[in-house]
Amino acid sequence: MPTLPVLGDSTGPGEQGLAGLEHNFATGRLEDLVKWSRRMSMWPATFGLACCALEMMATGAAHYDLSRWGMEVFRASPRQADLMIVAGRVSQKMAPVLRQIYDQMMEPKWVISMGVCASSGGMFNNYALVQGVDQIVPVDIYAPGCPPGPETLMHAISTLHDKVRDGELTQRRQQTGGGAGIIVEQRDGQTATEIVIAR
């Protein structure tokens with residue numbers, strides 16, 4: 001008679017979560033349910049630093065209505081959030097604070113880099129600003145623009161939801177050891193801006 005793995009056993013669900021279980025009808029559906037609930041209940045931790053933050057606030061307002069995705073509550077406490085939207089340029093003084101907030105967020109956690117300043121430093125190529133937030137936290141989705149409009153941010157969020165639902169983000173994170181690094185296209189009618197990510 002086969003024995004069930006004990007919680008905390010390196011071969012069982014204690015160490016590997018749902019990946020430690022053999023998939024059958026019940027656990028396969030359970031995994032789909034967990035992915036669906038992660039996708040439909042993301043609570044963003046706001047990290048608005050510059051003009052991109054105004055576009056992020058507009059996205060949460062009534063005209064664009066993030067509440068249809070269950071994201072109407074921007075959390076002030078990182079312990080209640082699982083999505084960080086870095087909106088704007090990150091200074092060297094702000095970088096440790098950003099990392100501390102990221103470390104306090106609950107797992108699994110995701111990061112959207114909003115705008116060229118957060119993604120690559122933008123036009124501010126100097127010693128005072130971080131030349132890409134991916135040097136501080138692993139970025140999953142890059143939203144281009146200066147600043148990207150609400151349509152582009154919503155496109156980045158829907159792309160993140162799709163990747164969380166099919167499990168691609170967790171696979172990419174395991175392969176790279178960092179963020180997924182997906183760049184979405186602009187959807188707000190602005191002139192296309194290119195994000196150059198130094199590797």
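**Sheet, cysteines and surface of a predicted model**

Both faces of strand 2 are covered, with Leu 83, Ile 85 and Ala 87 buried on one side and Met 84 and Val 86 buried on the other. The model is predicted.

Trainee: How many residues of strand 2 are buried?
Mentor: In a regular strand the side chains alternate between the two faces of the sheet. In strand 2, Leu 83, Ile 85 and Ala 87 lie on one side, Met 84 and Val 86 lie on the other, and all are buried. Strand 2 is therefore largely enclosed by the rest of the structure, and the count of buried residues is five of the five.

Trainee: What is the strand order of the open sheet?
Mentor: The sheet has five strands, with parallel pairing. The order is 1-2-3-4-5.

Trainee: Over how many bridges do strand 1 and strand 2 pair?
Mentor: Strand 2 covers residues 83–87, and its pairing with strand 1 is in the parallel sense. Thr 46 has Ile 85 of strand 2 as its bridge partner, and Gly 48 stands opposite Ala 87. The pairing of strand 1 and strand 2 runs over five bridges.

Trainee: How many disulfides does the model have?
Mentor: A disulfide needs two cysteine sulfur atoms within 2.5 Å. For Cys 51 the closest cysteine sulfur is in Cys 52, at 5.1 Å, which is too far for a bond. Cys 52 is likewise in no disulfide, since its nearest cysteine sulfur is that of Cys 51. The count of disulfides is zero.

Trainee: Is Cys 52 buried or exposed?
Mentor: Cys 51 has a relative accessible area of 41% and is partly exposed. Buried means under 20%. Cys 52 has a relative accessible area of 5%, so Cys 52 is buried.

Trainee: Which backbone oxygen does the side chain of Ser 119 reach?
Mentor: Ser 119 is in helix 5 (residues 116–120). At 2% relative accessibility, Ser 119 counts as buried. Its side chain comes to 2.9 Å from the backbone oxygen of Gly 115.

Technical notes:
Residues are numbered from 1 along each chain as its sequence is written. This is a predicted model: local features need pLDDT of at least 70, side-chain atom pairs count only at pLDDT 80 or more; totals for chains, interfaces and linings use all residues. Side-chain values use heavy atoms; hydrogens and water are left out. Helices (H or I, at least four residues) and strands (E, at least two) are DSSP runs, numbered from the N terminus. Buried means under 20% relative accessible area, exposed over 50%, partly exposed in between (1.4 Å probe, protein chains only). A polar contact is a pair of N or O atoms within 3.5 Å; within protein, one must be able to donate a hydrogen and the other to accept it, and residues adjacent in sequence count only if both atoms are side-chain atoms. Two strands pair if DSSP finds at least two bridges between them.
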